[in-house]
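Open the model in your viewer and keep the selection tool ready. The stops below say what to pick and what is there.

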Amino acid sequence: MSDSAQLIVAPFPPPLGGVSVAAVNVAAVLEGQGIAVLRFSTGAGTRHEDLYARKGWRHVLRTLALFGALLCLLVRGPKVRIAHVFCVSNSAFLRDFVFLLLLRLAGKRVIVHLHSKTAGELFVRPRWAPWFGRMLSVAQHVIVLSEFHRAFFSAHIDPAKLRVMENFVFSGPFHGGAHEGDFLFVGRLSRLKGFFDLVEAVALLTRSGRHPGLRIDCLGEAENTAEMETLRDLMAAQGVARHFRLHGNVSGEPKYTFFRHARCLVFPSHFENSSVVLKEAIAARLPVIASDIDANCRILDPAGAALYCKAATPADLAATMERFLDDPASAATLMRKLERAIIFDEHYAYACMAGLFD
């Protein structure tokens, strides 16, 4: 192995979101191959970091401090030959583009891990997408999340630079579950992730008194404390607080335990790129109730191990959950299908990255 380290520039936890999980997993894969890894976190390091709030002068000062810290690392830190930069396509890319320029000026080989949406963000709008492609041209390689993303971005990014690496999991710790426990929700407790829909669906589902023992284990945080208070008020108003157990962000063995013992993952999100949570459910052979958005179907359809509900439709989510509860044999059928599912694991991930290091 080379005597130099590989640098990862990413929003390492906390908070715990899809991009940060992906960065942690990439670091673990590289270290598993005997590669030294340096972590440079672009996150604020707070439990309730509001990723979507308007940025003020404190954020500007912190961004300037990050530029200085990266320069110091490049000048005084260990030798770095390759840098992985985790980027999105919202306004935060302006900051990340400065990171890319600094790394290229320092003579580093740059691999961008692009966790971008294909709609709804600044740099994928028609006016800005060509500029996005030009700015990303400073990187030697751009890793995207799926073949769908490659087809989308090839219009503005040199196709020769594009590589596909699905979000992946370390599959071993998820194995061996009995799946006889409660429902499981994993993700931000937000409207975009469908959590408010889930609260309303549970209210509909329990109103008849048929499922008094229904429980949902929830792994994740709200965007901020105000949003958490709104959620608690909603659960109280709907009379369903006792059906939800809010565990906050959970990782490591406790998280694996939830996946191994849950009865079913409920994933009613409104938008996804390439959900790592669904990859975790497949690795755990855990049945899934998911919204019918394209991103979820692309992952779950090949496995054939999901029941779908209409996105942003609490009544349909409630009906799908009730159908699952009323037909115990359906869970066994879904688990049998999962035994044949393709798992995107650490071996897959390293095979995707290995050719980029030469």
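Select helix α8, residues 252–261. This is a predicted model. K255, F259 and R260 are the ones to colour, as they are buried. Look down the axis of α8: its buried residues fall within an arc of 135°, so they line one face of the helix. The general rule is that an α-helix has 3.6 residues a turn, so residues three or four places apart point the same way.

Next, pick H243. It sits in the loop between α7 (225–238) and β9 (244–248). Is H243 buried or exposed? Its relative accessibility is 1%, so H243 counts as buried, the cut-off for that being under 20%. Show what surrounds it. Beyond its neighbours within four places in sequence, H243 contacts V202, T206, H211, P212, L214, R215 and I216.

Move to the largest nonpolar core, a set of 34 residues. Select L7, F93, V112, L114, L136 and V142, which have the most contacts inside this core. Then colour helix α3 (residues 93–105): it supplies the largest share of the core, 6 residues. A second core is separate, with 32 residues. To find it, select A203, M235, V266 and L317, which are among its members. As a general point, nonpolar side chains in soluble globular proteins tend to be buried together.

Return to V142 and zoom in. Setting aside residues up to four places away in sequence, V142 touches V112, L114, L136, I157, K161, L162 and R163.

Now turn to the surface. Select W57, V60, L61 and L64. Together they form a nonpolar patch with about 440 Å² of accessible area. Click on V60, which belongs to helix α2 (residues 57–76). V60 has a relative accessible area of 48% and is partly exposed.

Last stop: D345. Look in the loop between α12 (328–338) and α13 (346–354). D345 counts as buried, at 14% relative accessibility. Which residues does D345 contact, leaving aside its neighbours within four places in sequence? They are F168, V169 and S171. Finish by drawing a C-alpha to C-alpha distance from D345 to G172: the two are 8.9 Å apart in space and 173 residues apart in sequence.

Definitions and conventions
Residues numbered from 1 in each chain as written. Predicted model: local features only at pLDDT ≥ 70, side-chain atom pairs only at ≥ 80, totals over all residues. Heavy atoms only, no water. Core = buried A, V, L, I, M, F, W, Y, C linked by side-chain atoms within 4.5 Å. Buried < 20%, exposed > 50% of the residue type's maximum accessible area, 1.4 Å probe, protein only. Helix = DSSP H or I, 4+ residues; strand = E, 2+ residues; numbered from the N terminus. Contact = heavy atoms within 4.5 Å. Arc of directions from axis to C-beta. Patch = residues over 30% accessible without salt bridge, like charges linked within 9 Å, V, L, I, M, F, W, Y side chains within 5 Å. Areas by Shrake-Rupley, 256 points an atom, 1.4 Å probe, with all protein chains shown as cover. Salt bridge = Lys/Arg side-chain N within 4 Å of Asp/Glu carboxyl O.
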